[in-house]
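Please work through each task with the model open before reading on.

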Amino acid sequence: MKLISMVLGILFVVAVAVVVGRASAASNAPAIGTAAPDFTLKSQENKPVSLHDFKGKWVVLYFYPKDFTSGCTVEAHNFQRDLPQYEQRNAVIVGVSVQDEDSHQKFCTKEGLSFKLLADTKQEVSNEYDSVMTHNDAKLSARHTFLIDPQGKVQKVWLEVKPETHSEEVLAALAQLQGATASK
């Protein structure tokens, strides 16, 4: 009986640590209602792209770990598949990861992606959006998404992303937010 109590106690402590770790891991991410931090990074075309270039449009700013990995490929394919729906809603997709422009260009060519992928090789933007993680001693962009309105304010944040269903979740949130804006 004493052993069971000890095991349950340890499991409880571990569960609390995991929850606290998740909550604090992205606690410095831009908050809903605040101005999205502006930035300029190079795209897969090796051209500078700034967040303010999209003023007047909704921006799906998504951070992802690495080109050519399974989850990142699924997520990118789903955004590409749904791109016409985003365009109908005056929205653009912008992906950010720490790989360089050449890697992004090869990824876009191989996977048929037509939206912008930005190279955050110094992890500055990923850090600013509190979207950095360490995997096998390498710093990568964490899988987070920020939905930014046409005035440049963060309207929705996803810190727990499932690549398989994420595009649909973002589209649903975009529709809801645009419906709320239209009714004002």
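Two rings of Phe, Tyr or Trp (for Trp, the six-membered ring) count as a pair if their centres lie within 6.5 Å, and the planes are called stacked under 30 degrees apart, edge-to-face over 60 and tilted for the rest. The model is predicted, and a search of the whole structure finds ten aromatic pairs.

**Exercise 1.** Classify the pair formed by Phe39 and Tyr129, and state which parts of the chain this pair links.

Solution. The centres of Phe39 and Tyr129 are 6.3 Å apart and their planes make an angle of 80°, so that with a limit of over 60 degrees the pair is edge-to-face. Phe39 belongs to the loop between helix H1 (2-25) and strand E1 (40-43), while Tyr129 belongs to the loop between helix H4 (124-128) and strand E6 (132-135), and the two residues are 90 residues apart. As to burial, Phe39 is buried with a relative accessible area of 6%, and Tyr129 is buried with 0%.

**Exercise 2.** Classify the pair formed by Phe63 and Tyr129, and explain why it ties together separate parts of the sequence.

Solution. Here the centre-to-centre distance is 5.4 Å and the angle between the planes is 40°, which gives a tilted pair. Because Phe63 lies in strand E3 (residues 58-63) and Tyr129 in the loop between H4 and E6, the pair ties together parts that are 66 residues apart in sequence. Phe63 is buried, with a relative accessible area of 0%.

**Exercise 3.** Describe the surroundings of Leu51, leaving aside its neighbours within four places in sequence.

Solution. Leu51 is placed in the loop between strand E2 (48-50) and E3, and its relative accessibility of 9% makes it count as buried. Its contacts are Ala36, Pro37, Asp38, Phe39, Val59, Tyr129 and Ile148. For Ala36, which is 15 residues away along the chain, the C-alpha separation from Leu51 is 8.5 Å.

**Exercise 4.** Give the strand order of the open sheet, and determine which strands stand at its edges.

Solution. The sheet has seven strands in the order E2-E1-E5-E4-E3-E8-E9, with mixed pairing. E2 and strand E9 (154-158) each have a single partner strand, so one side of each is left without a neighbour in the sheet, and these two stand at the edges. From one strand to the next, the twist averages 30°. Within this order, E1 and strand E5 (residues 116-119) pair in the antiparallel sense over two bridges, and Ser43 has Leu118 in E5 as its bridge partner.

Terms used
Residues are numbered from 1 along each chain as its sequence is written. This is a predicted model: local features need pLDDT of at least 70, side-chain atom pairs count only at pLDDT 80 or more; totals for chains, interfaces and linings use all residues. Side-chain values use heavy atoms; hydrogens and water are left out. Helices (H or I, at least four residues) and strands (E, at least two) are DSSP runs, numbered from the N terminus. Buried means under 20% relative accessible area, exposed over 50%, partly exposed in between (1.4 Å probe, protein chains only). Contact means heavy atoms within 4.5 Å. Two strands pair if DSSP finds at least two bridges between them. Axes are lines fitted to C-alpha atoms, for helices over the stretch in contact, and angles run from 0 to 180 degrees between N-to-C directions.
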